[in-house]
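User: I would like to go through this model and ask where each label comes from. Please set the values against the cut-offs as you answer.

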Amino acid sequence: MEGGGNLEATIEQLLNVEKQMRLAGDVAGTKKAATDILQLCFEARAWKTLNEQIIVLSKRRGQLKQAVTAMVQQAMQYIDETPDVETRVELIKTLNNVAAGKIYVEIERARLTKKLAKIKEEQGLIAEAADLMQEIAVETFGAMAKTEKIAFILEQVRLCLDRQDYVRAQILSRKISPRVFDVDISKEKKKPKEGDGVVEEAPADIPSLLELKRIYYELMIRYYSHNNDYLEICRCYKAIYEIPAVKENPSDWIPILRKICWYLVLAPHDPMQSSLLNSTLEDKNLTELSNFRLLLKQLVTMEVVQWTALWNSYKDEFENEKNMLGGFLGDKAAEDLKQRVIEHNILVVSKYYARITLKRLAELLCLSIQEAEKHLSEMVVSKALVSKIDRPMGVVNFQTAKDSNEILNAWSSNLEKLLDLVEKSCHQIHKETMVHKAALKV
């Protein structure tokens, strides 16, 4: 009790000193007096008094910004020293209330909120943690280090994905431009900032830009897996694959390259998919995964792929990938794989045939006539190819209807070619006649 009395008396003396310094406008003196009061409370382990003094000091008339900043920074060092979770939460909430609405301690407030959200998450309150994190818009903080901003937004995205709030996760993820990960950090540091807004150094626990790049794309894979957007998942893996640290380590890049191949095969046919497919085939590392190289080659080659033979060859690989942790290949993936093979085969048939009977098309696709018609119709609707089905005759026409201009242009070019041939023939005949005449004269 006597120690408590001494503490209160000492605090009272320091409060008077702080008042004198504050009124005199002495920044260093005010800061020292305020931080000394907090240090005394901390050494005495008087957590309740510490919280009270933080509020009292911050609310004093004409309190200096520097003193409030120093107090908040000082008290943040005590958070990890608290005896239990309740005391820790209480201290964080007190500091959050002091920092609320003050631009000069916005970074500290963001860090406090992150700590509080972590505690809530450990207690299993993911929804509460996500709501807390979303209150802070770090992208507007000029003084915060870029890596810390990105790490904070990624934490917001992760919590949204954990609570399965995919719409908000997408909105938050758009605050980060993928180009930010390709910036050369050494060049960035040379640019000085004018005025007071000097960018703070990121804390030691914040990952590097390349580590953040990997975290970002892993979170985006989780988001796109929810919608089974195979092409976007493939692009995310491709971005992870391009990270230098991953490319140097075969144990890292081999599983990623396997995933790239699988998701490329599963992605619907479009220009982006075919350009990714060709660039992956040119990758020298793919020679080490010969069976995947063969799989991609089959899809690039304009030949009909037999589904049963393909599935028997790759079924074990597919199941293995599906069972691997973080494989993300869902139950729908096997059906989608079959769908892609059928689509590939229809495209191949459309390249070789102008007209084909539905019966023959179904035979080539190893499907019933109804299924073949269904898949063909779906591809026409998605504008993957142009075709018309004459159902009474049972004929599929892959030729596009030409307008009158196209027909006239084709006719005129054919006519030009014909006249060129006639002219060349006449020239050759004339030449032969001249040679023959010359020979007779001799």
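User: In which helix is Thr10 found?

Analyst: Thr10 is found in helix α1, residues 2–24. Helices here are DSSP runs of H or I with at least four residues, strands are runs of E with at least two, and both are numbered from the N terminus. This is a predicted model, in which local features need pLDDT of at least 70 and side-chain atom pairs count only at pLDDT 80 or more, while totals for chains, interfaces and linings use all residues. Residues are numbered from 1 along each chain as its sequence is written, and side-chain values use heavy atoms, with hydrogens and water left out.

User: Why does Thr10 count as partly exposed?

Analyst: The relative accessibility of Thr10 is 29%. Buried means under 20% relative accessible area, exposed means over 50%, and partly exposed is in between, with a 1.4 Å probe and protein chains only. Thr10 is therefore partly exposed.

User: What makes Gln156 buried?

Analyst: Gln156 has 1% relative accessibility, so it counts as buried. Gln156 is in helix α8, residues 146–162. Apart from neighbours within four places in sequence, Gln156 is in contact (heavy atoms within 4.5 Å) with Met133, Gln134, Ile136 and Leu172.

User: Is Glu343 buried or exposed, and how do you know?

Analyst: Glu343 has a relative accessible area of 15%, so it is buried. Glu343 is found in helix α18, residues 332–352. Leaving aside neighbours within four places in sequence, Glu343 is in contact with Pro268, His269 and Met379.

User: What makes the pair of side chains Glu343 and Arg340 a polar contact?

Analyst: A polar contact is a pair of N or O atoms within 3.5 Å; within protein, one must be able to donate a hydrogen and the other to accept it, and residues adjacent in sequence count only if both atoms are side-chain atoms. The side chains of Glu343 and Arg340 make such a contact at 3.2 Å.

User: Why is Ser177 called partly exposed?

Analyst: Ser177 has a relative accessible area of 33%, and is therefore partly exposed. Ser177 is in the loop between α9 (166–173) and α10 (185–188). Ser177 and Ile150 are 27 residues apart in sequence and 9.9 Å apart in space, C-alpha to C-alpha.

User: Why is α12 called roughly antiparallel to α14?

Analyst: Helix α12 (residues 230–241) and helix α14 (residues 250–266) pack at an angle of about 155 degrees, with their axes 8 Å apart. That makes α12 roughly antiparallel to α14, because angles over 145 degrees count as roughly antiparallel, under 35 as roughly parallel, 65 to 115 as roughly perpendicular and the rest as oblique. Axes are lines fitted to C-alpha atoms, for helices over the stretch in contact, and angles run from 0 to 180 degrees between N-to-C directions. Residues of α12 that meet α14 include Tyr230, Ile233 and Cys234.

User: Why are α18 and α19 oblique to each other?

Analyst: α18 and α19 pack at an angle of about 130 degrees, with axes 10 Å apart. They are therefore oblique to each other. Ile342, Asn345, Ile346 and Val349 in α18 meet Leu361, Leu364 and Leu365 in α19.

User: Why do α5 and α6 count as roughly antiparallel?

Analyst: Helix α5 (residues 85–99) and helix α6 (residues 106–122) pack at an angle of about 150 degrees, their axes being 10 Å apart. α5 and α6 are therefore roughly antiparallel to each other.

User: What is the order of the strands in the open sheet?

Analyst: The order of the three strands is β1-β3-β2, with antiparallel pairing. β1 (355–357) and β2 (388–390) are the edge strands, since each pairs on one side only.

User: How do you know that β2 and β3 pair?

Analyst: Two strands pair if DSSP finds at least two bridges between them. β2 and β3 (residues 395–397) pair in the antiparallel sense over three bridges. Lys388 stands opposite Asn397 in β3. Helix α19 (residues 358–365) lies across β1, β2 and β3, at about 80 degrees to β1.
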